[in-house]
Amino acid sequence: YFLFVGRLDNAKGVLLLLHVFAKFCQQNKEYSLLVAGSGSDFFIKKCMNLISNYCILDRVSFLGHRTDVYKLMEEAKALIVPSRHEGFGFITTEAMYNHCLVIGKNTAGTKEQFDIGYEMIGKEIGFRFYTEQELFEKLCNVISLPQNRYTEITEAAYNVVQCNYTIKNHVKNIEAFYKRIK
């Protein structure tokens, strides 16, 4: 399955994802989409109407708020981050920490996390997209990745997160900041 985790509203790109996933379902009968998060009843109804119209009710599951997101990430083929604007890209780093491949919109915090990885290791640590067509292509690419390439990407992403976002590194950065402002 593919996974979306976050607030269910238009700014998070949920409708874009559902449109693209419906197109993906026309070519692939195996993968489903799990949507973890909560939102307004109005927005969820809008999403349900959309997937009903696309006849993919059996392929999309709305899980609501979950406390086992890390487990869902570990078992997902990829986390999809279609948000128009992520501040830090926290969900992206959480997925990478859980060895989950990320397909993310190449904007704001998600872009920043991908860029940090690229600068550190000279390779992409996830799959970037801008358009619906590019997201569709990335979904198709990810399911056909050889296992060794998939593992190479997820391990690189995990290592980037470990190098940058551990508690020890956070403490070190705060200390360095305090010394600079003294």
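Select I103 first: leaving aside neighbours within four places in sequence, I103 is in contact (heavy atoms within 4.5 Å) with F2, A78, L79, I80, V81, F127, F129, L135, K138, L139 and V142. The model is predicted, so that local features need pLDDT of at least 70 and side-chain atom pairs count only at pLDDT 80 or more, while totals for chains, interfaces and linings use all residues. Residues are numbered from 1 along each chain as its sequence is written, and side-chain values use heavy atoms, with hydrogens and water left out.

Next, display strand β5, residues 102–105. Helices (H or I, at least four residues) and strands (E, at least two) are DSSP runs, numbered from the N terminus. From β5, V102 and G104 point one way and I103 and K105 the other, and all are buried. Buried means under 20% relative accessible area, exposed over 50%, and partly exposed in between (1.4 Å probe, protein chains only). In a regular strand the side chains alternate between the two faces of the sheet.

β4 and β5 run parallel and are joined by three bridges, with G104 in β5 as the bridge partner of V81. β5 also pairs with β6 in the parallel sense, over three bridges; here G104 stands opposite R128. Colour helix α5 (residues 108–121) to follow the chain from β5 to β6, a right-handed β-α-β crossover. Helix α4 (residues 90–97) forms a right-handed β-α-β unit with β4 and β5. A crossover is right-handed if, with the strands pointing away from the viewer, the path from the first strand over the helix to the second runs clockwise.

In the largest core, of 35 residues, select F2, L101, I103 and L135, which touch the most other members. Elements giving two or more residues to this core include β1 (2–5), β2 (33–36) and α7 (147–164). α1 gives the most, with 10 residues. A second, separate core of 21 residues includes L34, L79, A157 and V161.

Finally, select C25 and C140. The structure holds zero disulfides (pairs of cysteine sulfur atoms within 2.5 Å). The sulfur of C25 is 11 Å from the closest cysteine sulfur, in C140, which is too far for a bond. C25 counts as buried because its relative accessibility is 5%, whereas C140, at 22%, counts as partly exposed.

Methods
A nonpolar core is a set of buried Ala, Val, Leu, Ile, Met, Phe, Trp, Tyr and Cys residues joined through side-chain atoms within 4.5 Å. Two strands pair if DSSP finds at least two bridges between them.
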